[in-house]
Amino acid sequence: MSDTLLEIDNLSVDYETERGDLKALRDISFDVQKGEIVGIVGESGCGKSTLISSILRLTAPNTRFRHGEVRFKGDDILTKTERQMRDLRGSDISIVFQDPMQTHNPVLSIGRQLVDIQHRSNATKAQKLDIAAKMLAAVGIPDPQARLKQYPHEFSGGMRQRIAMALMSEPDLLIADEPTTALDATLEVQIIERLKELQSEMNCAILFISNHLGVIAELCDRVVVMYAGAVVESGDVREIFHDPKHPYTRRLIECDPGHIKTRARILPTIPGEVPDLVNLPDGCIFRDRCEQATERCHQVPALEKLKDGHFAACWLNHPEEATA
Amino acid sequence: MFIYTVKRFALAGLILIVAVTAMFLMIRAVPGDPVSIMLGPRATPELKASLIAQMALDQPIWKQLLIYYGGLLRGDLGIDVFSGRSVVEIVFQQLPYTLEMITLSVLWSAALGIALGAYAAAHPNTMIDRIAAAVSVSFVAAPAFVVALLALLIFAVQLQWFPAIGAGEGFWGRLNHLVLPSFAIGLSWVGYIARLVRASMLEVLGEGHIRTARAFGLSERRIIMSYALRIAILPVVTVIGVGMGFLLSSAVFTEIVFARPGIGKLVIDSITTRNYPVVMGTVLVSTGLFVLSTAIADLLNALLDPRARSAK
């Protein structure tokens, strides 16, 4: 068996809408190795969420998988039965969601929910409650026995996000869907630390979705930059931050608040808007917002390997073709 | 939770006081001399005068109200002018017939409506969902007295499966007599509750915590039954609470169609004879039940929803 855990291969996903098919993901390809932390970065609406729900196959009813494969441990997830998918969810693949205030059922006690997710175990209810208390203690929640009887609204946001991570069995792949976006900075650090711990304890791979470049740089080995449903650049995290090969990545780094050294009167932004994914413009998807766009950009640039482990989809990286 | 319960019942008491006062004033604004209607055209002035004195009708209205409240505190709702029987006795004799009819109606319609709504929400936009929607809407549109008449014609007169009139004797006899009335009352509630449950269920199924439950591989059945339904039935509890009270007043149509005893029939009969004490007594008791059932619904909601419990 190879060391590749998850391979996304030419994945294209549409949403059927009244205006026509919304091409949410187009020819996405990247992979995640065992034990690796891969970051996915991009603006909201770039298809990050569609990608995650496709991996777990928890997509909305109007979702259509047009082509491509999502291979987990070599098997295509998209052809699995619902029953087989359920066996993967929560055991081989776990997820931490963006909004901790929405993660838990508001009318069931935390203890009940922690017991319910152990539905694969044959332990008695008392044993499961015991494990649940240990889970809470493990993520630093004081007095876990008493808190099992409490309801989600009686916990703070940071606590809830830690509980969400406590729910984890020992997955091979952990998807973290902007787990710190809804939290303040100090909590963010705690969650990142906790993710690192989890990774070293369980040796699981992490797919970390965020629009916070600083966190990605801190945590990830590799990063995939997405724009409007396509991968524009991917590669080693240091490579990409020091030598971005796609204008979008470059602008993203420039616009990151952590990157702005002097106190600017106007925060830099990327002008223009994300194109309409129902009526896609031809050519490079970033063309309309790109300052360096040329005639060549009316052709779609392919995601090409520039050097080992660094891919980008931009004509600027191919100067020899300029003359052609 | 205890403080919330106390507060809720204090509010219920307040509502009751306002309702009784309003009712007391309104009934006296109705034209017509109660004493002449009660005693008939050939009553002597002496007889009239003694009845007026007995009912305290010669007193100023605020004093009449105080006298009424005084009686209320002692559990005395006055005397029926015709039979001389205690109003409390009359009302509580009729009340069980109405209560059993309403309770049975609400029980069967809630059970069927919740099941139908939950099933439709779990299979949205399928054939069954569309059929359920069409059936629900037509049920909602059918007024109880029309359904009552049709049910009477078909099942009692033509097929003779169930008795047409009266309330029956003994447990099975009474139950048998309840089938058609509670069918007539409950039918539109089935549709109403099914639509309500479907809408609130679809909303809940779109919430983040359901995605969590799915992401942890919980079975769809368990997600629907214990994770989503617990939240989706919260509005149904409130609606049933108000609905029980509403049915107390609308029960009158059904009681008349099936010639059943009950407080609906009692209040109509006593209004036509200007039997003030009985009207007041009946209205008071049904207002009390209305206030009680909404209070119980609120408490039940608090019990089912920990967020509501700690917010209050």
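The model is predicted. The predictor gives the complex an ipTM of 0.82 and a pTM of 0.79. In the complex, 17 residues of chain B are in contact with 22 residues of chain A.

**Chain B: confidence and domains**
- The average pLDDT of chain B is 85.
- In chain B, 98% of the residues score at least 70.
- Chain B has two assigned parts: domain 1 spans 32-76 and domain 2 spans 89-311.
- The C-alpha centres of these two domains of chain B are 39 Å apart.

**Where chain B touches chain A**
- The contact joins 17 residues of chain B to 22 residues of chain A.
- On the chain B side, helix H9 (208-215), helix H10 (220-232) and helix H14 (306-311) each supply at least two residues.
- H9(B) gives the largest share of that side, six residues.
- By class, the side of chain B that touches chain A has seven nonpolar, six charged and four polar residues.

**A covered strand in chain A**
- Strand E6 of chain A runs over residues 93-96, and both of its faces are covered.
- On one side, A:Ile93 and A:Ile95 are buried.

**The neighbour of E6(A)**
- E6(A) pairs with strand E7 (residues 173-177) of chain A through four bridges.
- The two strands, E6(A) and E7(A), run parallel.

How values were computed: Residues numbered from 1 in each chain as written. Chains lettered and ligands numbered in written order. Predicted model: local features only at pLDDT ≥ 70, side-chain atom pairs only at ≥ 80, totals over all residues. Buried ≥ 20, exposed ≤ 12 C-beta atoms within 10 Å, placed from the backbone. Pairing = 2+ DSSP bridges. pLDDT = per-residue confidence, 0-100. Domains from an automatic or database assignment. Contact = placed C-beta atoms within 7 Å. Nonpolar A, V, L, I, M, F, W, Y, C, P; charged D, E, K, R; others polar.
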